[in-house]
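Please look over the sequence and structure shown here before reading the briefing that follows. The points are grouped by topic.

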Amino acid sequence: MKSVVSSRARLNLVSSARFGALRLFSTGRAQLSPKHAQNAGPVEDSTTHFGSKTVLKEEKEKLVGEVFSSVASKYDVMNDVMSLGVHRLWKDHFINKLDAGKRPNSTEPLHFIDVAGGSGDIAFGLLDHAEQKFHDVESTMHVVDINADMLKEGEKRAMEQGRYYNDPRVKFLVQNGETLDQIESESKDIYTVSFGIRNFTDVQAGLNTAYRVLKPGGIFFCLEFSKIDNPLLNVMYQKWSQVLPVMGSVIANDYDSYQYLVESIERFPSQEHFKSMIEKAGFQSAGYENLTFGVCAIHWGIKT
Amino acid sequence: MLEHALPKIIKPLTYGTESLQFKVLSNALNKHVPQYGFNERALVQSLNELGLSSSYLSVLASSNSPSFFNVSPSVLELVKFHLVSRRKQLITNLPLGSDKPLPDLKTLFLERLRLNESIAPHLSQLLSIMSVPGEFLTSTALPELQQLTDDMIFYSNEQDHNDFAWYSKRIALSTAYVSSELFMAQDKSHNFVETMEFAESKLSKVSQLGNMYNNTEEYLWYTLLSSINLAKSQMTRG
């Protein structure tokens with residue numbers, strides 16, 4: 001870790017100061033270690049983690065917003081580099097496993113919501129799957145993201161591919177995943193969130209909201225980084241994640257955002273812990289499937 | 001977690017008899033599979049009947065991994081449900097608490113085959129889904145077959161031995177069961193009389209195999225002991 005911190009300091013000097021607030025927090029890291037926050041007592045309740053840093057809850061939303069605003073345009077390239085292209089397989093598996101869509105002899109169309117899905121790859125993938133496999137052209141999709149820049153990226157992509165742009169079936173909305181205040185309760189059949197829920201300030205609140213917006217019989221489906229069970233592979237994975245911020249600085253000229261991504265993955269709860277959080281929100285038959293030895297995991301829960 | 005705090009689930013399924021999944025699947029299996037077979041059509045008919053949308057197929061599918069070569073995950077769950085629920089059905093009416101004698105192996109074996117009667121026209125489809133190489137075969141189809149033969153031996157008055165015969169007996173019984181199901185898939189006779197005859201002949205071969213096994217074992221022991229005795233007697237003669 002030490003070598004990374006020093007290289008990070010060097011790169012800070014080199015890289016541009018586009019994202020002022022984030023830089024300020026990097027320098028303030030020494031004072032804001034988790035240990036200090038715990039000693040502070042009453043302050044603890046109003047803080048949360050931002051990567052390995054402990055920040056005020058009001059701040060995290062803004063900080064995450066800055067990370068994604070800065071990576072939005074190079075999001076796909078970076079994902080490919082970071083996961084060696086495997087993220088496409090994960091997402092493909094996710095969509096195939098969900099296997100959603102209105103079946104030909106079924107009566108009602110489905111209502112999807114894809115949270116933190118600004119780039120639109122899961123949302124468009126789900127709709128494409130439903131159309132190709134079940135000739136479903138009725139089901140609707142809400143693409144929701146807290147970050148307007150990411151959402152624009154998705155809209156741009158829809159426009160470029162000439163599908164799902166200005167389509168009455170697909171709506172893009174800037175919404176906080178923890179509240180979803182424009183989404184009615186019990187209005188959705190399928191709630192998906194892929195690589196998004198770890199950026200929530202309060203993950204449990206996000207899960208409770210997922211439970212609120214789903215109809216009885218609806219399903220919560222989540223793709224997220226997780227914990228590797230094999231110790232040997234885990235060592236290799238940790239080494240790999242130390243290299244990622246450096247690659248981020250080379251490809252996207254942005255060390256800190258990728259440092260945050262790596263740290264937020266480390267801080268995210270393990271499979272069993274996250275499963276218990278899903279159950280705590282009220283979901284039944286919760287479970288998970290590990291992908292690539294647990295680098296990633298698909299979690300699900302059913303509202304009955 | 002405490003055992004009594006867990007919801008009552010029927011392992012290896014992830015839901016209990018009160019759950020919506022159970023209702024959908026048992027309704028599909030009893031009413032629609034005999035007509036449509038093991039496919040999504042049967043499931044969607046069942047969902048329509050219960051007033052659920054097709055998103056529920058994803059709910060049913062969630063514990064299975066999609067396979068490129070096999071049917072969709074929700075249909076895999078239907079097959080799994082068929083295997084598990086029929087296996088449980090076999091032992092629900094047994095006099096387990098009382099002093100009454102347990103049925104013999106043949107009764108249980110034929111009883112399990114009779115539970116296939118309603119879906120008999122779709123048995124070849126079922127068997128082909130289960131035999132596609134992949135995760136479903138290794139994590140569901142084979143373990144369920146092993147569980148079934150284990151249950152048949154455990155819940156009948158059949159004697160069980162904790163030696164290598166334990167494995168031999170289960171393997172022989174599994175083979176007999178699978179071949180009987182394959183026979184049933186093609187059987188057009190009234191009330192599956194021919195299947196039952198076939199199964200009985202297979203079972204008698206299993207018990208013949210058991211006799212052969214016992215005889216061989218006895219012969220080997222006899223030979224071993226007599227050779228030791230022969231060696232001993234030669235040694236005392238000097």
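How far apart do the end C-alpha atoms of residues 139-210 of chain B lie, and what percentage of the span is helix and what percentage strand? The ends lie 29 Å apart, and the span is 79% helix and 0% strand, where helices (H or I, at least four residues) and strands (E, at least two) are DSSP runs, numbered from the N terminus. According to UniProt, the annotation "domain: COQ9 C-terminal" (unreviewed entry) covers residues 139-210 of chain B; UniProt positions are given in the numbering used here, feature names are shortened, and annotations may be inferred rather than shown by experiment.

This is a predicted model, in which local features need pLDDT of at least 70 and side-chain atom pairs count only at pLDDT 80 or more, while totals for chains, interfaces and linings use all residues. Residues are numbered from 1 along each chain as its sequence is written, and chains are lettered from A and ligands numbered from 1 in the order in which they are written.

**Chain A overall and its confidence**

- The secondary structure of chain A comes to 12 helices and nine strands, and buried residues make up 44% of its 304 residues; a residue is buried if 20 or more other C-beta atoms lie within 10 Å of its own, exposed if 12 or fewer, and partly exposed in between, with C-beta atoms placed from the backbone.
- Among contacts in chain A between residues at least 6 apart in sequence, 72% join residues at least 24 apart, a contact being counted if the C-beta atoms of two residues, placed from the backbone, lie within 7 Å.
- The average pLDDT of chain A is 80, and 84% of the residues score at least 70, pLDDT being the predictor's confidence in each residue, from 0 to 100.
- Confidence in chain A is lowest in helix H2 (residues 20-27), at a mean of 37, and highest in H9(A), at 94.
- Over residues 1-43 of chain A the pLDDT is below 50, although this stretch has 39 contacts in the model beyond near neighbours in sequence.

**Strand E6 and its partners**

- Seven of the seven residues of strand E6 (residues 188-194) of chain A are buried, so this strand is largely enclosed by the rest of the structure.
- Strand E3 (residues 111-115) of chain A runs parallel to E6(A) and is joined to it by four bridges, with Tyr191(A) as the bridge partner of Ile113(A); two strands pair if DSSP finds at least two bridges between them.
- E6(A) also pairs in the parallel sense with strand E7 (residues 214-225) of chain A, over six bridges, and here Thr192(A) stands opposite Phe221(A).
- From E6(A) the chain crosses through helix H9 (residues 203-213) of chain A to E7(A) in a right-handed β-α-β crossover, which is to say that, with the strands pointing away from the viewer, the path from the first strand over the helix to the second runs clockwise.

**Annotated binding-site positions**

- The UniProt feature "binding site" (unreviewed entry) is placed at Ser119(A), Asp145(A), Asn176(A), Gly177(A) and Ser194(A).
- Asn176(A) lies in the loop between strand E5 (170-174) and E6 of chain A, and Asn176(A) is partly exposed because 17 other C-beta atoms lie within 10 Å.
- Ser194(A) belongs to strand E6 of chain A and is buried, with 25 other C-beta atoms within 10 Å.
- Leaving aside neighbours within four places in sequence, the contacts of Ser194(A) are Lys91(A), Phe94(A), Gly117(A), Ile122(A) and Leu223(A).

**The side of chain A that touches chain B**

- In all, 25 residues of chain A are in contact with 26 residues of chain B.
- Helix H6 (86-98), E6, E7, strand E8 (284-291) and strand E9 (296-302) of chain A each supply at least two residues of this side, and H6(A) gives the most, with four residues.
- By class, this side has seven nonpolar, 11 polar and seven charged residues, where Ala, Val, Leu, Ile, Met, Phe, Trp, Tyr, Cys and Pro count as nonpolar, Asp, Glu, Lys and Arg as charged, and the others, Gly among them, as polar.

**Loop residues with positive phi**

- Asn166(A), in the loop between helix H8 (148-161) and E5 of chain A, has a positive phi of about 55° although it is not a glycine, and Asn166(A) counts as exposed, with 8 C-beta neighbours inside 10 Å.
- Glu186(A), in the loop between E5 and E6 of chain A, has a positive phi near 50° and counts as exposed, with 12 C-beta neighbours inside 10 Å.
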